[in-house]
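Q: Hi! Could you walk me through some of the packing in this one? I'd like to start with the aromatics and then move on to the helices.
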Amino acid sequence: MQGSVWREDGLLYVRASLIRAADAQVLWSERFIEGTQGLSITGIQEKIASQFASRIGQQHGYVLRDVRGTRLDNPNDHSLRGFSCVASAQIYRRTYHRDEYPAVRECLEATVLEDPDYARARAMLAYVRNDAARFGHETDLSREAAFDLARDAATRALDLDPQDTDALQAMSHVEQYAGDMERSIDYARKAVEVNPNDPAAVANLAIRYAIAGRFSEAAPTMRRAIDASVAPPPFYYHVLTADSLLKKDWPEMLANADRAAIDGWSFGQAMLAIAHNQLANTEASKAAFDAMAELDPLLANDPRSWLQGHNMHPTVVDAVYEGLAETRAALSK
């Protein structure tokens, strides 16, 4: 960490920079001015500290990104193997790719057997078990059985560490799919209270607000998460895309859908198809619609059931359903 302080025209300036020692690369730098936006010297110190901590400590921040780039497969160190499994699960959860799921789940299951008190590994196992249920990643389990396994893992993680932000977020997912959005939001909010500088926790709260149809809270909360993220996952933009859809702000929707669709998930492609259709970009709309149908036939053929299966608010369900219906009609002409 490097910085400098100077006075100019009666104002106090502070510049702080985060530099990677290995290659002297400047990873983050920002200037602060005393008195602007109500910042005092103490306020500047606190803001620098929180932003510094966020950028080095977040799931997709500089430190963990560099660590993931090194080999963590030392067969003689089970702690590194466990950390590697958790890191792999965090990478998987940027895109939810089905082909990555089995190896991640198996690795996490082996980790909790080897280290049963590793709360974060159990939290990540709750995440991926929940994914198996909501995305149909496992055909040998019923949806209910998969959700039960997710709840068991999240409950055990919280028993081990009630303050673990991943455990709290995992339980917020479980409660969403159990149909209790108030409890889901409560767990998500608790994770933010525990670590307000964690953009993943903030984004998770934004998504829970969006699922509940509370976009006046969801959109600004997600923008806060994106602003704090070193590398925001594409699905963060799903919330902003849905917000633009409800407002019928088509250029803004397209800008957000372009980012959301990078993850290769069908919902991002659906939103991209709707946005292009509303802007009369027929060829691009067809490409996105076809990609959605290939990725997820249920979303293409019965979008209402698909959306309701994720417990989305009726306002969102209706808007996406109508948008896809209009897109399908326009493409059939």
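This is a predicted model: local features need pLDDT of at least 70, side-chain atom pairs count only at pLDDT 80 or more; totals for chains, interfaces and linings use all residues.

Q: How many aromatic pairs does the structure hold?
A: There are six aromatic pairs. One of them is Phe147 with Tyr177, a stacked pair with 5.5 Å centre to centre and 25 degrees between the planes.

Q: Where do Phe147 and Tyr177 lie?
A: Phe147 is in helix α6 (residues 143–160) and Tyr177 is in helix α7 (residues 165–177), so their pairing ties together parts that are 30 residues apart in sequence.

Q: And why does Tyr177 count as buried?
A: Because its relative accessibility is 10%, and buried means under 20%.

Q: Which residues do ring pairs link into a cluster?
A: Trp265, Phe267 and Trp306 are joined that way.

Q: Nice. Switching to helices: at what angle do α10 and α11 pack?
A: At about 140 degrees, with the axes 9 Å apart; α10 covers residues 215–228 and α11 covers residues 236–247. That angle makes α10 oblique to α11. The crossing of α10 past α11 is left-handed.

Q: Which residues make the contact there?
A: On the α10 side you have Phe215, Ala218, Ala219, Met222, Arg223, Ala225 and Ile226. From α11 come Tyr236, Tyr237, Val239, Leu240, Ala242, Asp243 and Leu246.

Q: What does the contact of α10 with α11 look like by class?
A: It has 12 nonpolar residues, two charged ones and no polar ones.

Q: Now the other neighbour. How do the axes of α11 and α12 cross?
A: Roughly at 160 degrees, coming within 8 Å, where helix α12 is residues 250–260. Angles over 145 degrees count as roughly antiparallel, and α11 and α12 are therefore roughly antiparallel to each other. Here too, α11 passes α12 in a left-handed crossing.

Q: Which residues meet in α11 and α12?
A: From α11, they are Tyr237, His238, Leu240, Thr241, Ser244 and Leu245. Facing them in α12 are Trp250, Glu252, Met253, Asn256, Ala257, Arg259 and Ala260. By class, the contact of α11 with α12 comes to seven nonpolar, four polar and two charged residues.

Q: Let's zoom in on Leu245. Is Leu245 buried or exposed?
A: Leu245 counts as buried, because its relative accessibility is 7%. Leaving aside neighbours within four places in sequence, Leu245 is in contact with Trp250, Met253, Met271, Ile274, Ala319 and Val320.

Q: Last one: where does Asn204 lie?
A: Asn204 is part of helix α9 (residues 199–211). With a relative accessibility of 5%, Asn204 counts as buried.

Q: What is Asn204 in contact with, leaving aside its neighbours within four places in sequence?
A: Asn204 is in contact with Gln169, Ser172, His173 and Ala188.

Methods:
Residues are numbered from 1 along each chain as its sequence is written. Side-chain values use heavy atoms; hydrogens and water are left out. Axes are lines fitted to C-alpha atoms, for helices over the stretch in contact, and angles run from 0 to 180 degrees between N-to-C directions. Helices (H or I, at least four residues) and strands (E, at least two) are DSSP runs, numbered from the N terminus. Angles under 35 degrees count as roughly parallel, over 145 as roughly antiparallel, 65 to 115 as roughly perpendicular and the rest as oblique. A crossing is left-handed if the near helix is turned anticlockwise from the far one by less than a right angle, and right-handed if clockwise. Contact means heavy atoms within 4.5 Å. Ala, Val, Leu, Ile, Met, Phe, Trp, Tyr, Cys and Pro count as nonpolar, Asp, Glu, Lys and Arg as charged, and the others, Gly among them, as polar. Buried means under 20% relative accessible area, exposed over 50%, partly exposed in between (1.4 Å probe, protein chains only). Rings of Phe, Tyr and Trp (its six-membered ring) pair if their centres lie within 6.5 Å; planes under 30 degrees apart count as stacked, over 60 as edge-to-face and the rest as tilted.
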